[in-house]
Amino acid sequence: MSTHSDRLERIVSELVARESENPPGNEAAVAEFVHEWFGDRGIDADFVTRPDPDRPQVAARVGDGEPTVVLNGHIDVVPAGDRSKWTHDPYGAAVVDGTLYGRGSADMKTGVALGMLATADFASAFDGGKVDGSVVFHAAMGEETAEPGTKTLLESGYDGDYGVVLEPTGMRTATSEKGLAWYEITVAGDPSHASRPDQGDNAIANARPVLDALDAYDTRVRERRHDLLGPAYATTTCLETGVKENVVPGSATITVDRRLLPSEDVTDIDAEVDALLDDVESEHGVRTDWERTRTYEPAEIPVDNPLASVFREQSAEIAGVPDDPWGIEASTDVRNFVNDAGTPAITWGPGDLDQAHTVDECIDLAHATTALDVLEASLTELFEADG
């Protein structure tokens, strides 16, 4: 008879072996596997072709009782990059000493596998009358590039009373998370030949007061703090300029990664960026323009929400995970539950977030198997408490 460990390793291996890099958004092969896997077990699963028919999502619902818990995972992964730097083939799903290697193994195909197995196990439990409730499963597209995969699934009726976003948190229960906003600031200049530099207006020189103002802004926003998430940040991450060695650049582009606390609203941050650049233009005569190119809103639920309490208790009892309130500094699709659907949700799952997006990304299969035990025990407690 298959054990939790055997079943989990097989599914994670199958998911990792199907390359689903985003960009460009190659989720289809993974979605087809997930859909077929549910069908082989007599579970109706749906392809959801919004928001992109070429990048299908999968959703399933089992049980008809209350409460309904949504198990959410995304099936896109970041590109593997230079494969020569990997010790193991990023899509080979090699297992060495109980560790499975591959792109997406931690972020977050093991979480997807947990959701699949828990959904199938509770389908049997509901049919057998062992417990009453319902589970909704999501295999979402586009999380890595802030696309509305999870949001579309929720809007399409695959929602519930609670949500669990199965990202790698080491089984700690996150009730809050930072948001992020990326700002692309264009600094104007006027190009000329470098043999006649005074004929032009060097965008690099014009960028200096902008960079100074951004440094000062970062210092100010770090004074804003959250009990679980720490300070806000405004980090300059890119400076792009120049076209040739002997050309004075006519423009420069600065990218800022702004990490938001739950108390902050992105429209207020837009106003802060606007005011900062207005001041630079007024004081230094530098012409600028800006665009917000990506947004993940922050999200938060009370730390004593029943969902969070149950997962903290079960993670501590079964896996020895600290049970103190905790928040995650990364951004996840939990925001779509909390902010868009008004559904209490946590970020919780197996694996180490430090593995996300790295060369030789990996997952400890024993840890992941324990996480499946915790997940099913937590769901059982939620269903029994309501019954």
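In the predicted model, about 40 Å³ of space lies in the second largest cavity. The elements that contribute two or more residues to the lining of this cavity are β8 (174-177), β17 (299-300), α8 (334-341) and β19 (345-347). The largest share comes from β8, with 4 residues.

After α8 comes Gly342, with a positive phi near 70°.

The search of the whole structure returned 2 cavities of 30 Å³ or more. The largest cavity has a volume of about 60 Å³. Its lining is formed by Tyr183, Ile185, Leu214, Tyr217, Val256, Arg258, Ile269, Val273 and Leu276. At least two residues of this lining come from each of β9 (179-188), α5 (203-221), β15 (251-260) and α6 (266-284). The element that gives the most to the largest cavity is α6, with 3 residues. The lining of the largest cavity contains 8 nonpolar residues, no polar residues and 1 charged residue.

Strand β9 supplies residues to the largest cavity and is also among the elements that line the largest pocket. Of the 10 residues of β9, 7 are buried, so the strand is largely enclosed by the rest of the structure. An antiparallel pairing over 10 bridges connects β9 with β15. Strand β9 is also joined to β16 in the antiparallel sense, by 8 bridges. Leu180 has a bridge partner in each of these strands: Arg259 in β15 and Tyr296 in β16. In a regular strand, side chains alternate between the two faces of the sheet.

The largest pocket holds about 390 Å³ of space. Its lining is made up of 19 residues, and those nearest the centre of the pocket are Glu143, Glu144, Tyr296, Ser331 and His357. Two or more lining residues are given to the largest pocket by β9 and by β16 (288-296). Tyr296, one of the residues nearest the centre of the largest pocket, is the bridge partner of Leu180 in β16. By class, the lining of the largest pocket divides into 8 nonpolar, 5 polar and 6 charged residues.

Helix α9 was considered separately. This helix covers residues 365-386, 22 residues in total, and spans 32 Å from its first C-alpha to its last, close to the 32 Å expected at 1.5 Å a residue. The N-terminal end of α9 is capped by Asp364, with a side-chain oxygen 2.9 Å from the backbone nitrogen of Ala366. Buried positions in α9 are Leu365, Ala368, Thr369, Ala371, Leu372, Val374, Leu375, Glu376, Ser378, Leu379, Leu382 and Phe383.

Technical notes
Residues are numbered from 1 along each chain as its sequence is written. This is a predicted model: local features need pLDDT of at least 70, side-chain atom pairs count only at pLDDT 80 or more; totals for chains, interfaces and linings use all residues. Side-chain values use heavy atoms; hydrogens and water are left out. On a 1 Å grid over the protein atoms alone, a cavity is a set of points where a 1.4 Å probe fits but cannot get out, and a pocket is an open set with protein on both sides within 12 Å along at least five of seven lines; lining residues have an atom within 4 Å of a point. Grid points are joined across faces, edges and corners, and a volume is the space filled by probe spheres set on the points. Ala, Val, Leu, Ile, Met, Phe, Trp, Tyr, Cys and Pro count as nonpolar, Asp, Glu, Lys and Arg as charged, and the others, Gly among them, as polar. The expected span of a helix is 1.5 Å times one less than its number of residues. Buried means under 20% relative accessible area, exposed over 50%, partly exposed in between (1.4 Å probe, protein chains only). A polar contact is a pair of N or O atoms within 3.5 Å; within protein, one must be able to donate a hydrogen and the other to accept it, and residues adjacent in sequence count only if both atoms are side-chain atoms. Two strands pair if DSSP finds at least two bridges between them.
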